[in-house]
Amino acid sequence: MGRHRRPFDRQVTYREVFGVGEFRSIWLAQTLSYIGDQLAQIALAVLVYNNTHSALRTAVAYALTYLPSIMGGPVLSVLADLVPRRRVMIVCDVARTGIVALMALHRMPFAALCFLIFWTVLLGAPFTAARAALLSEVLPGDMYVVGSAINNITHQLTQTLGFLVGGAVIFAVGAHHALALDAVTFAISAAILLAGVRPRPAPRPEGRKRASLWSITGQGARLVFGDRTLRPLVCFAWLCGFYVLPEGLAAPYARTFGASPVIVGLLMSAMPCGMAAGAFAYSRFVRPDDRLRLMGWMAMLSCAPLVGAGLRPPLWALIVLLALSGVGSAYQIAANAAYVAAVPPAGRGQAFGLAQSGILASQGIGILIGGALTQALGPEPVVALAGIAGLSAATMLAMSWTRIRGEVIASSQERAMSAAA
């Protein structure tokens, strides 16, 4: 008996998603932010090092691009459920415009610069949570999956181009001018959201007694970890802490092949290229139900190729392994969509904030541990160990997911049928 594609199980095309005007506005605003962030990361590293001539202070400034979201992300992301999400995004963009412009206009002490970097990154937490929650309202059903894939591909491409082009731009215009360009991208993003996204009420109406941000954050944690569907899905998201490790070790790994900056760029861009290719194929050519069925296998694929680093392969083979790992990471698209569907609309902001903070924490902690081990063991065995640990975790998650996968697929089919009706 052949399986026939059901009308509610058809794949949505990219053309259909880009046909939604509000999505085009959100996507364009986010793309500008991606480009500006790539410039800002490189510019800040150059600016701090030129001003302080200290590698340690440069590393501290770079760490500040992770810490604020880890520390305050879950709390501030609750704002995406208490305040209209469009307003949260616009206010965050306007505030970041002013802060980054201040960094661009004045040469300031290192402590003041770190203070401004902290607040710039911290404001990104409610913006990201509001954007992700709003996207699920703008794009219903499988359109959200394809829209998430488009955002993922855009992010990976801008990241790859940022490694290749960002340094040249800063060399041409200078670090302060690059930060000024970043401020402009935030301002344009706010204008696009104001003009292209319609106002919506806050998803969580205020009662007579308004709960504190901390209590609502606790409710969000209990919502996610107390649900048998959300719990494995958020763990799937945090699995990235294992397979992004090679990017954090790219510089010491490049010494194995000659320490050329070109090799560093190749190692850092291999996985994002694989992620972009995997996201395109997974969203465009795999049926919605099959994405959920393959999710556990894809998660294992995201970590398994890293084990091959222990064999000390040549450069071309290592790049292939990293790209293949990136392809496997496309499972995040299906995990993200299932996560959105399982979270009540009024709690999506805090749920997204919790997931995003965990992603950043797993990446930051993984890179710190990997860096410490690399000092003693070298990069090849450390990457291989990360692959083994990640593959073990992915296997356990896949087994857990198999037990509830049928229920999630049935629920997804019911929603699709209701939407079609």
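Here is a short chat about reading helix packing and aromatic contacts in this structure.

Visitor: Before we start, what kind of model is this?

Guide: A predicted one, where local features need pLDDT of at least 70, side-chain atom pairs count only at pLDDT 80 or more, and totals for chains, interfaces and linings use all residues. Residues are numbered from 1 along each chain as its sequence is written, and side-chain values use heavy atoms, with hydrogens and water left out.

Visitor: How do H6 and H7 pack, and at what angle?

Guide: Two packed helices are described by the angle between their axes and the distance between the axes. Here helix H6 (residues 85–105) meets helix H7 (residues 110–138) at about 155 degrees, and their axes are 9 Å apart. That makes H6 roughly antiparallel to H7 (over 145 degrees counts as roughly antiparallel). The H6–H7 crossing is left-handed, meaning that the near helix is turned anticlockwise from the far one by less than a right angle. In the contact of H6 with H7 there are 18 nonpolar, two polar and five charged residues.

Visitor: And which way do H16 and H18 cross?

Guide: Left-handed, for H16 passing H18. Helix H16 (residues 288–303) and helix H18 (residues 331–342) pack at about 135 degrees, with axes 8 Å apart. H16 and H18 are therefore oblique to each other.

Visitor: On to the rings: how many aromatic pairs are there?

Guide: Rings of Phe, Tyr and Trp (its six-membered ring) pair if their centres lie within 6.5 Å; planes under 30 degrees apart are stacked, over 60 edge-to-face, and the rest tilted. By this rule the count comes to 10 aromatic pairs. Take Phe 18 and Phe 23: the ring centres are 5.6 Å apart and the planes are at 65 degrees, so the pair is edge-to-face. Phe 18 also pairs edge-to-face with Trp 27, at 5.3 Å centre to centre and 90 degrees between the planes. Elsewhere, ring pairs link Tyr 14, Phe 280 and Phe 285 into a cluster.

Visitor: Is Phe 23 buried or exposed?

Guide: Buried, with a relative accessible area of 0%. Buried means under 20%, exposed over 50%, and partly exposed in between (1.4 Å probe, protein chains only). Phe 18 is partly exposed at 28%, and Trp 27 is partly exposed at 24%.

Visitor: What lies over the face of Phe 127?

Guide: Arg 96, at 4.7 Å from the ring centre. A charge sits over a ring if NZ of Lys or CZ of Arg is within 6 Å of the ring centre and within 35 degrees of the ring normal.

Technical notes. Axes fitted to C-alpha atoms, helices over the stretch in contact; angles between N-to-C directions. Helix = DSSP H or I, 4+ residues; strand = E, 2+ residues; numbered from the N terminus. Parallel < 35°, antiparallel > 145°, perpendicular 65-115°, else oblique. Nonpolar A, V, L, I, M, F, W, Y, C, P; charged D, E, K, R; others polar.
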